[in-house]
Amino acid sequence: RTFYARGQTGQQLLLGAYSALNRQVGKGKVKMYSRHEMLDVVLVDGKARGIIARDLVTGEIERHGAHAVLLCTGGYGNVFFLSTNAMGSNVTAAWKAHKRGAFMANPCYTQIHPTCIPVSGEHQSKLTLMSESLRNDGRIWVPKKQEDAEAIRAGRKKGVDIPEEDRDYYLERRYPSFGNLVPRDVASRAAKERCDAGFGVNKTGEAVYLDFSSAIERYGKVEANVRKLENASKEEVIRLGKEVVSAKYGNLFDMYANIAGENPYEQPMKIYPAVHYTMGGLWVDYNLQTTVPGLYALGEANFSDHGANRLGASALMQGLADGYFVIPYTVGDYLADDIRTGPIDTDRQEFADAERNVRERLTNLVSIQGRTPVDEFHKRLGKVMWDKCGMARNAEGLKQAIQEIRQIREEFWKDVRVTGTAEGFNQELEKAGRVADFLELGELMCKDALDRNESCGGHFREEFQTEDGEALRDDDQYTYAAAWEWTGDPGQSNLHKEDLDFQFVKPTQRSYK
Ligand SMILES: Cc1cc2nc3c(=O)[nH]c(=O)nc-3n(C[C@H](O)[C@H](O)[C@H](O)COP(=O)(O)OP(=O)(O)OC[C@H]3O[C@@H](n4cnc5c(N)ncnc54)[C@H](O)[C@@H]3O)c2cc1C
């Protein structure tokens with residue numbers, strides 16, 4: 001779909017899903033609570049029996065009883081502060097579930113998407129994804145000569161000034177069979193490798209070119225043939241080629257021009273990898289049930305399906321599969337035992353205790369009254385995660401990261417400044433709660449990455465690579481999903497290994513050469 005739906009798949013599927021949901025809301029089968037944040041799961045006799053939620057507009061804390069709880073609360077890529085995820089994406093719901101006994105699996109498996117608009121400076125809160133479909137026609141390159149890269153960084157030259165013979169189409173060079181269409185992790189690491197070697201093409205040195213000039217010419221020639229324009233001039237070919245490219249990718253080109261202030265029909269786009277998706281998440285069985293009976297996790301919130309490396313377009317596919325084809329049957333099976341249970345009484349002590357915990361934490365956050373805004377802590381955490389648990393990791397860096405995250409966490413609880421009160425609308429308070437959870441998750445991610453002494457998919461340990469820089473797995477030691485159990489401190493989490501049993505398709509070494 002990626003190459004034929006022109007970067008529209010996500011939007012189209014979402015519109016479909018929203019319509020389907022609203023239809024059920026209209027029928028009265030689903031009750032919608034928008035602008036509510038789930039802040040705890042309530043367990044009764046070891047089973048998930050409801051949640052505690054905060055109305056984000058009024059600040060009211062609510063108890064909701066249920067026979068089962070389904071978390072569809074998305075991924076945690078924003079632990080890196082900068083990511084392509086929506087600003088509202090966070091780990092809080094999954095983390096509360098984790099603290100109530102749900103194991104967190106493979107948290108270190110993070111997908112870094114190769115085609116994002118590069119970071120432009122310190123005061124940025126969001127990164128923008130340029131659709132994968134662009135790699136179908138765009139060619140990725142950096143200058144062959146360091147001095148050209150330096151001149152571009154200093155603003156003395158532009159990409160179009162570099163002659164063809166001085167361009168390094170490094171993916172085509174390294175992976176002649178797959179070229180620019182190698183999987184995301186491979187393309188991302190290759191961009192990092194070139195930029196680390198000094199060939200980056202923007203001020204920060206962290207950008208490569210995604211160039212459509214060849215595609216424009218190629219499509220232009222085809223179009224000239226189709227229109228029977230014999231001896232079409234070069235200008236005419238280029239004009240026709242731009243029309244074709246605009247019809248295919250015009251929306252994405254407009255978006256790029258708006259954000260980057262450059263015309264991608266005339267200049268190659270600049271792109272760089274960014275955090276995009278988290279393959280890790282709550283451990284679930286084939287019924288999508290976590291290790292807590294009655295607590296289910298669907299979509300990006302769970303760890304299933306993608307292993308260490310999600311392929312393009314498969315996240316929404318997983319969402320559809322989980323929601324349409326799996327859970328309607330498996331949750332029914334679970335609920336069959338509850339046929340005589342009756343409504344869940346939210347006056348029970350378990351609900352009162354969970355509500356009290358939520359209130360205490362909120363009060364605690366607003367009463368610290370330190371000097372440092374929440375975002376400062378989030379940015380510091382993000383930088384540690386990106387530098388030491390990002391596209392490439394190593395044991396020494398991960399150990400340092402764990403110490404640094406602990407330090408940031410300690411400072412957070414002493415010095416965070418949350419303005420306003422817990423009663424009513426307070427976005428600083430919302431953020432503070434989420435960042436507090438990220439500060440624990442980040443440590444677990446590093447611990448997980450440190451524990452896995454191999455490279456696989458989105459987890460690249462620099463110590464474990466082949467001679468030509470590819471990921472080196474260790475199937476004898478690490479053919480397992482790492483499911484972590486909360487013990488009260490992320491550094492002391494217990495590791496449970498779920499062995500992976502490959503009956504039909506055996507793991508092999510990938511090669512895109
Ligand atoms: C820019 C971008 C483009 C993408 N393009 C594609 C694509 O083309 N194809 C593809 O397959 N995948 C794509 N993905 C990945 C895919 O979109 C996501 O993995 C998918 O949307 C996840 O769906 P989800 O329902 O599990 O979670 P989400 O869509 O993240 O939804 C989670 C919801 O839960 C809410 N929530 C979170 N915490 C709480 C809480 N504590 N209380 C209450 N509510 C909460 C959130 O606000 C959100 O509404 C893309 C992702 C991004 C960021």
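1. Two strands are taken to pair if DSSP finds at least two bridges between them; helices (H or I, at least four residues) and strands (E, at least two) are DSSP runs, numbered from the N terminus. On that basis Tyr209 stands opposite Lys270 in strand 10. This is a predicted model, in which local features need pLDDT of at least 70, side-chain atom pairs count only at pLDDT 80 or more, and totals for chains, interfaces and linings use all residues. Residues are numbered from 1 along each chain as its sequence is written, and side-chain values use heavy atoms, with hydrogens and water left out.

2. The sheet is open and consists of 5 strands in the order 6-10-9-7-8, with antiparallel pairing. Its edges are strand 6 (110–116) and strand 8 (167–168), each of which pairs on one side only.

3. Strand 10 (residues 269–278) is joined to strand 9 (residues 208–211) by 3 bridges in the antiparallel sense. Besides the pair Tyr209 and Lys270, Leu210 stands opposite Met269. Strand 10 also pairs with strand 6, again in the antiparallel sense, over 5 bridges; here Ile112 has Val275 as its bridge partner.

4. Burial is judged by relative accessible area (buried under 20%, exposed over 50%, partly exposed in between; 1.4 Å probe, protein chains only). Strand 10 is largely enclosed by the rest of the structure, because 10 of its 10 residues are buried. Helix 5 (residues 184–199) is likewise largely enclosed, since 12 of its 16 residues are buried. Among these buried residues are Arg184, Asp185, Arg189, Arg194 and Phe199.

5. Ala260 lies in helix 7 (residues 234–260) and, with a relative accessible area of 32%, is partly exposed. Ala260 and Lys270 are 10 residues apart in sequence, and their C-alpha atoms are 8.5 Å apart in space.

6. The chain is divided into domain 1 (33–109 + 279–499) and domain 2 (113–273), with bounds that come from an automatic or database domain assignment. Their centres, taken over C-alpha atoms, are separated by 36 Å. Counting contact as heavy atoms within 4.5 Å, 21 residues of domain 1 touch 20 residues of domain 2.

7. Leu15 belongs to helix 1 (residues 9–27) and counts as partly exposed because its relative accessibility is 48%.
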